[in-house]
Amino acid sequence: MPQDDQNVEQASNQHFIGEGGELHQTAGGTHPQMTDARGHVIADDENSLKANTRGPVLIEDHFLIEKTQHFDHERIPERIVHARGYGVKGYFELTDSLQGITKAKVLTEVGVKTPTFVRFSTVSGNMGSSDLARDVRGFAVRMYTQQGNWDIVGNHIPVFFIQDAIKFTDLVHAAKQEPDRGFPQAQTAHDTFWDWASLTPESTHMLMWIMSDRAIPRSLRMIEGFGVHTFRLVNEEGKSTYVKFHWRPKLGMASVIWDEALKITGADPDYHRRDLWNAVDEGKFPEWELGVQLFDEEFANNFEFDVLDATKLIPEEVLPLRIVGRLVLNTNVDNYFAETEQVAFATTDVVPGIDFTNDPLLQGRNLSYIDTQITRLGGPNYQQIPVNQPHVNVANNQRDGHMTMRKQTGRVAYSPSSLEGNNPRQDPATGFTSFKAYEEGDKLRVRSESFGDHYSQALLFFNSQTQTEQNHIISAFIFELSKVDTKAVRMRMVSQLANVSPTIAQRVADGLGMVGEIVPAHTRVPARTDLAPSDALSILKKMKPGLKTKVVGCLVADGTDAAEVLALETALGKAGAELKIVAPKIGGAVAADGSLLEADFQLAGGPSVLFDAVFVALSADGAAMLSTEAAAVAWVHDAFAHLKVIGATSASQPLLDAAGVVADEGVLVGGENSLFLETAGKGRIWAREPNVRTIF
Ligand code: HDE
């Protein structure tokens, strides 16, 4: 009997008196004995202890109590931000030593593979929200180095909304669900966010990024990562070099388009985590390069913006990246809760040779991360949870507290001490020492003048995009502001945008149907128009063509030519891509030669938004049948509207016609597989976009 069936039979397990009392679900074979948390073997996991057959349940049923009690506490407070995340394990390997610049071994010992845990996340949605929300993605990397944990708790966008940590609460309160009504979640498209943003000019640069396609990635394997702040590297002599950290995906970047994001949210809210899990599970290990931008005090003083201002970036064209290592994610978590949920990153997790700067955002973060874990993970011992334990010896005088797991021995838990010879002692030679930064001046609650330009880099970002990407930014502003009920907020935001560029403001105003003159918001520092565009800021200018790890959806029905589908599958496999079969029934379709084409998706459950390109492999009968099937028409129509390459057999034409597909370079009917592969490898047909939606 197949394993599955066996388990089904054994699942029925009520225990009635007079039936011999024999339980079906017993230990044996590959099934170990079930025990309670204290190691006692459980005899009956299905029936609670009662005073009699129909009598009250007894308080002495400690098995029932333990099981229920554990269940009652199976949830812990979710992260206030970055609640929805997904973790993967792997390693970091240094390829180019920064010897002389830092004393951190992880950055000086080439070839050492440092175990790593990475958690990707969205920011504003709650834990159960959708992966495809328009949002910043957290890109938090923990390296278990030989000198203790080093966390780069970064994002997939190189700048942030605010300059000073004291404003973080406001940003998050404005972005999350509105407190009175408890919605909307996982989106900024509502009044409170834009009310706040329109009153916070320093957020303008970041707004450009989150309105861009960066905020709706195709895959977590295809996003960049950034440490955002300027950090310090410190060498053996105590000399400091400024550094910005960058993660560069080997697969290149790719995004979905907004209408797709909306539909994927319905079709597969777990789209990103499923994609990541599958890729790692199938051995297609995602990989990133670690790049660093290194600079000294002189560069910092001459750079047009303050390097301590987290709303600014240093263009790569001004300061190129030095690639020093690679991050490979090759192991899925064994237990989502134990690892992904309980991992507790902290900006303060740094090792000797890596240090902070005075970036006021970073300084505030250094308090917050450790503090938040105490509530979230229930006390001060959260570092003793396996995923948080460093891979080096821990020895100190910390004792006791909620959930102490480490058994520390001896009577001495203090320092200085003389009673025992084996208790831990400080080590000035190899221990962490802070960079000797010189400070003087008045103690003030102010923002530095050098943080005052809020619009120049917003314009730089916009100007660095292709026309298609610029159009998407405009549409995103229009979409978001259209969800804002308060007209004054919409107008105020457009006034802010007028400070970036009157054209941008006008285009958004047109899309919102706003009439009248746009008066720019008051600003002390107008946008500079002389900054050279940076190609590195555009996804499309950097896109790596090719089908590697992409997924092609193939629509089949009874009568499909199986040999043709098989040939396409083989060709895609050779290109590193995958074919997924979509059929009207999950059992599959009977091909023209009588064979069964097994389906990966039933039509309604496998919309074309889930695929990078599509192929319609229908016979004349199949096409006639599906031309009146709304799900099939929508499947093809959406692929066309989402600018995907569509391959089709000639017999499929009636379905293409019913779906309103108009011939263009990306619609390949009756052609060779090689042409389909080549065209699909180039990505989307951007030239089609003005034919399928209004561009403002
Ligand atoms: Fe965070 N942030 N943050 N943040 N952040 C948290 O810590 C905070 C900021 C980032 O996968 C929290 O453990 C403050 C910037 C990531 O577990 C909390 C400020 C950047 C993650 C917190 C910032 C980040 C967090 C919530 C303004 C990019 C998820 C749960 C000063 C460089 C890590 C937790 C994970 C999580 C505070 C701003 C990245 C509350 C006060 C800028 C990737 O401590």
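Which element contributes the largest share of the lining of the largest cavity? In this predicted model, that share comes from helix α12, with 3 residues. The largest cavity has a volume of about 360 Å³. It is lined by 31 residues, of which A254, S255, M543, G683 and R684 are the closest to its centre. Two or more residues of the lining are given by each of α12 (467-482), α15 (539-542) and α20 (673-681). By residue class, the lining of the largest cavity comprises 15 nonpolar, 6 polar and 10 charged residues.

Strand β7 (residues 240-249) gives the most to the lining of the second largest cavity, namely 4 residues. The lining residues of the second largest cavity fall into 10 nonpolar, 4 polar and 6 charged.

The iron atom of the ligand has Y369 as its only protein donor, through the OH atom at 1.9 Å.

An N or O atom in the side chain of R119 lies 2.7 Å from an oxygen atom of the ligand. For Q373, an N or O atom of the side chain is 2.8 Å from a ligand oxygen atom. A nitrogen atom of the ligand is 3.3 Å from a polar side-chain atom of H82. H82 itself is located in the loop between α2 (62-72) and β1 (85-94). The backbone of H82 has a phi near 60 degrees, which is a positive value in a residue other than glycine.

Two cis peptide bonds are described here. One joins F183 and P184, with omega at about -5 degrees, and P184 is found in the loop between α3 and α4. Another joins S415 and P416, with omega at about 0 degrees. P416 lies in the loop between α10 and α11 (456-463).

The aromatic side chains form 23 pairs. In one of them, the ring centres of F161 and F193 are 6.2 Å apart and the ring planes stand at 80 degrees, so the pair is edge-to-face. This pair links distant parts of the chain, since F161 is in the loop between β4 and α3 (168-175) and F193 is in helix α4 (residues 191-198), 32 residues apart.

Conventions
Residues numbered from 1 in each chain as written. Predicted model: local features only at pLDDT ≥ 70, side-chain atom pairs only at ≥ 80, totals over all residues. Heavy atoms only, no water. Polar contact = N/O pair within 3.5 Å; in protein donor to acceptor, adjacent residues only side chain to side chain. Donors = N, O, S within 2.8 Å, 3.2 Å for Na, K, Ca; no water. 1 Å grid on protein atoms, 1.4 Å probe; cavity = no way out; pocket = protein on both sides within 12 Å on 5 of 7 lines; lining within 4 Å. Points joined across faces, edges and corners; volume = space filled by probe spheres on them. Nonpolar A, V, L, I, M, F, W, Y, C, P; charged D, E, K, R; others polar. Phe/Tyr/Trp six-rings, centres within 6.5 Å; stacked < 30°, edge-to-face > 60°.
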